[in-house]
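The structure is shown first, and the notes follow by topic.

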Amino acid sequence: MMEVLEYQRVSDSPTVKHYTDWSAYEPFAGTLSRCPGDGFSYEASGDVRDGPRSIGALLPADESKLAAMHYAALGGFRSISIGGSASLALEPRGIECGSTVSRHSAILVEPGANVDLRITLGGGAGKLDLSFVELVLGEGSTANVLIYLGSTGGAPSAAGLRAALGRRARLNYVLLGSGGPMHHQDDRVLLGPSSALRAGAFLISPGGSRVDRFLGVDHAGEDSSSSASAMGIALGGGYSVMRGIARIEEGAARSRTEFTAGVALMGEGARGYAVPMLEVHTGDVLEARHHSFEAKPDADQLFYLRSRGLKEDEARDLIIAGWAEAQLSALEGALAGVASGLLGEVMRAVTSAAPTSRQ
Amino acid sequence: MSREEISGVLGYRTPEELLGPEGTYSRGMALRGRIERGMVEEISRMKREPDWMLRLRLRALDEFERIPYPRWVTGVDGLNLEEISTYVSPDAQRAGSWNDLPGDIREYYEKLGIPELEARFLSGLTAVFDSETVYSRMKEYLESLGVILLPMEEAVQRYPDLVREHFSRVFPPSDHKFAALHTALWSGGAFVYVPKGVRVPQPIEAYFIIGGSLEGQFEHTLIVADEGSEMSFIEGCSAPMLKKYSFHDGMVEIHALKGSKVKFITVQNWSRNVINFNNKRAIAEEDATVEWVEGSIGSRITYTYPSTILRGRGSRTSNVVVGVANGPYMKDTGSKVVHAAPDTRSSIVSKSISNGGGVNVYRGLVRILKGATNSVSHVECSSLIMDEGSKAHTYPHVQLEEPTASASHEATTSRLTEDQLFYLRSRGLKEGEAKSLIVLGFLQGIMQDLPIEYVSVLTKVIQVEFSEVGGLG
């Protein structure tokens, strides 16, 4: 299947053929081997059980060449059911053999249940890192999901959250972290009737790195709503792509969507691309809007902070941290605090790339 | 001509209805069949072109054969390039007076009020029928100022160096398959040159008519605005009610030199059986300004994305795009800007209306290259959906490579609500009248960019589109 599938079926734009540098993955395609294990370690509290033994409904193997590579290298997976109230943390577990680490988890949140789900990605130690999580939210359930992108050890990586929301389900999702040489993040959310999504993302692309984040939001049920935003910071020589599509299907009457993508270029050679797309297939839409922007530390804000004694870099970092906090606000409860704690790790990439006035 | 008189020309009918069913008129020759070297050489031979133009056409043909069909193009499954006539000459000599045109061809333009428009409102006019320019005239005093308005073929003969310097340099055939096809087969169109410092006070217009089914029209418009000059150009297009489809693949190239200002307005009102591809691009040099106003009302399907490359420091562009998809038709429109120099500015405003199962697509690109310091871009897209079966999609790309530049994009899709309709109907308006009033209110902000005469025409067209008896959708 890998030989006939393409990484991407339609090119992205007339001027940038692909926002992801697919050639970074190609050297690994011929050396895939299946190693035992699902690649995650689990820490759970509350009502957490083994779930149905099937995966792939939200990430079909024939979706793309990358999906096929993921399954070809996958040595196992874990399926989990969550009832009542629970919290679950998935940490990457090292896999000794092969040149690729493939991780997969399938999580079912039963009707009416609530879960805080924290997923850490990375730690591939120089191996191609492919990590995907399928998440199904039953009727009336709620999930707070935080995905943290850690270091990939200098190798390319790809990851994705695939979520399907049942009637009146709610998903609050934040993606936070910094990218390696090439990180492709492909998140998709399918919204059922009266379900709701709130999503934020804050991703740093340090010098020499490239992050392509895509979020697909598909309103399939009536009265569904989504509010998604993403902020990418490209540091000197970094490459940040924040893109996505919000689609309101024909049957999703009275739905609303709001989609915002922003990029900030901090230093020479930084590149940023914002592509928030909108497809409205019904006239019975409450509201559909999107917005993209290029962010800069506001001169008035900088002046205000400097007049209170902060150095220019410190003031700038504070403003950037403010942008990040706005993205984290999609989360509720205890995970919001966890995300704030991790933000310090992420901001270190910014401060270490800052000019000399800090010395 | 007063606004009332121009409105009276259209009455309560669309241009398609005014022109009526496609009729018989005297045709000269037509070329049809496989698009290959022999066909291209035959077009070039008929036009007695210099070698460089034939070589350009053949290079474009190679590109056409090499480049695959764009995968994102949908809705043109019925297009069969081998069954259409890629060149059709009407049986008419090019005229400098309407009276010298054969009556059956003159009648098309008279029904649309073009001769009156020319007399009262325009600096010059070029009329293209099928594949050839049948009429071209410019006010005499402009000639004495050195302004050139000629059919494209004649310009190739009379001003080969000037044409060669700019032709296909703004929009190369290698850009995409339909640009290559156009360059290989181009016929008809206008060449305009405005000398240094000359201001053309009234617009120049080109009006294109496709007279019959299964025809291809590939007209080429090239505008060169020399340093410090100023001009505006209006492009109009119509066709009668066609029994089968026809295909339009035109191109507009604008080179705005230092400090010049060019405004290009399109009022596209093809009939419902025309598949319309348009290739429009400008290069703006230092301190030059290019304004595009694109009104897409007719056609079965339209693909058009007026583009500007801001190549000179301080150059500017504004693009206003209006798409009306009324009935089971599609408008795939948008705009592109490349900021390639410091201190450049761009503004894109897109308004689309989808009604009766119509689909509007906005595709946009703003690219700010490294080195385009302190450049600024802003894009606004608004879509109005009039009923449940209609659709609107927006695909904007903002690509930033310069940290000191700024760019933003905003888009909103909203629907016509029952409350709005009820309010207007309770004041005695019929449903069609209420809808056209809402649409005109939605477009109000951009009407100011159009000449007053065309505001009147556009208003009438929209009233007809949404009236209960008018409109062909």
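A:Tyr7 is buried, with a relative accessible area of 14%. The model is predicted, and a search of the whole structure finds 20 aromatic pairs over all chains. The points below take up some of these pairs and then turn to other features.

**Aromatic pairs in chain A**

- A:Tyr7 and A:Trp22 form a stacked pair, with 5.1 Å from centre to centre and 10 degrees between the planes.
- This pair links distant parts of the chain: A:Tyr7 and A:Trp22 are 15 residues apart, and each lies in the segment before helix 1 (26-29) of chain A.
- A:Trp22 counts as buried at 9% relative accessibility, and A:Tyr7 is buried at 14%.
- A:Phe40 and A:Tyr42 make an edge-to-face pair, with centres 6.3 Å apart and 70 degrees between the planes.
- A:Phe40 is buried, with a relative accessible area of 0%, whereas A:Tyr42 is partly exposed at 22%.

**Aromatic cluster in chain B**

- Ring pairs join B:Tyr69, B:Phe178, B:Phe218, B:Phe247, B:Phe277 and B:Tyr303 into a cluster.

**Charges over rings**

- The ring of A:Tyr42, which pairs with A:Phe40, also has the charged end of A:Arg78 over it, 4.5 Å from the ring centre.
- In chain B, the charged end of B:Lys351 sits over the ring of B:Phe442, at 4.8 Å from the ring centre.

**Second largest pocket**

- The second largest pocket holds about 480 Å³ of space.
- Its lining consists of 18 residues, and B:Met46, B:Tyr87, B:Gln93, B:Arg94 and B:Glu132 lie nearest the centre of the pocket.
- Strand 1 (27-32), strand 2 (85-90), strand 4 (132-138) and helix 8 (152-158) of chain B are the elements that each give two or more residues to this lining.
- By class, the lining of the second largest pocket comprises 6 nonpolar, 5 polar and 7 charged residues.

**Strand pairing in chain A**

- Strand 3 (residues 100-109) of chain A is largely enclosed by the rest of the structure, because 9 of its 10 residues are buried.
- Strand 2 (residues 78-92) of chain A pairs with strand 3 of chain A in the parallel sense over 5 bridges; A:Ser81 has A:Leu108 in strand 3 as its bridge partner.
- Strand 3 of chain A also pairs with strand 5 (residues 128-137) of chain A, in the parallel sense and over 10 bridges. Here the bridge partner of A:Ile107 is A:Leu135 in strand 5.

**Strand pairing in chain B**

- Strand 13 (residues 274-284) of chain B and strand 16 (residues 307-310) of chain B are paired in the parallel sense over 4 bridges.
- B:Ile283 stands opposite B:Ile309, a residue of strand 16 of chain B.
- Strand 16 of chain B is also joined by 4 bridges to strand 18 (residues 330-339) of chain B, and these two strands run parallel.
- B:Thr308 stands opposite B:Val337 in strand 18 of chain B.

**A buried helix residue in chain B**

- B:Ala434 lies in helix 12 (residues 431-447) of chain B and is buried, with a relative accessible area of 0%.
- B:Ala434 and B:Gly211 are 223 residues apart in sequence, and their C-alpha atoms are 34 Å apart in space.

Notes: Residues are numbered from 1 along each chain as its sequence is written. Chains are lettered from A and ligands numbered from 1 in the order in which they are written. This is a predicted model: local features need pLDDT of at least 70, side-chain atom pairs count only at pLDDT 80 or more; totals for chains, interfaces and linings use all residues. Side-chain values use heavy atoms; hydrogens and water are left out. Rings of Phe, Tyr and Trp (its six-membered ring) pair if their centres lie within 6.5 Å; planes under 30 degrees apart count as stacked, over 60 as edge-to-face and the rest as tilted. Buried means under 20% relative accessible area, exposed over 50%, partly exposed in between (1.4 Å probe, protein chains only). A charge sits over a ring if NZ of Lys or CZ of Arg is within 6 Å of the ring centre and within 35 degrees of the ring normal. On a 1 Å grid over the protein atoms alone, a cavity is a set of points where a 1.4 Å probe fits but cannot get out, and a pocket is an open set with protein on both sides within 12 Å along at least five of seven lines; lining residues have an atom within 4 Å of a point. Grid points are joined across faces, edges and corners, and a volume is the space filled by probe spheres set on the points. Ala, Val, Leu, Ile, Met, Phe, Trp, Tyr, Cys and Pro count as nonpolar, Asp, Glu, Lys and Arg as charged, and the others, Gly among them, as polar. Two strands pair if DSSP finds at least two bridges between them.
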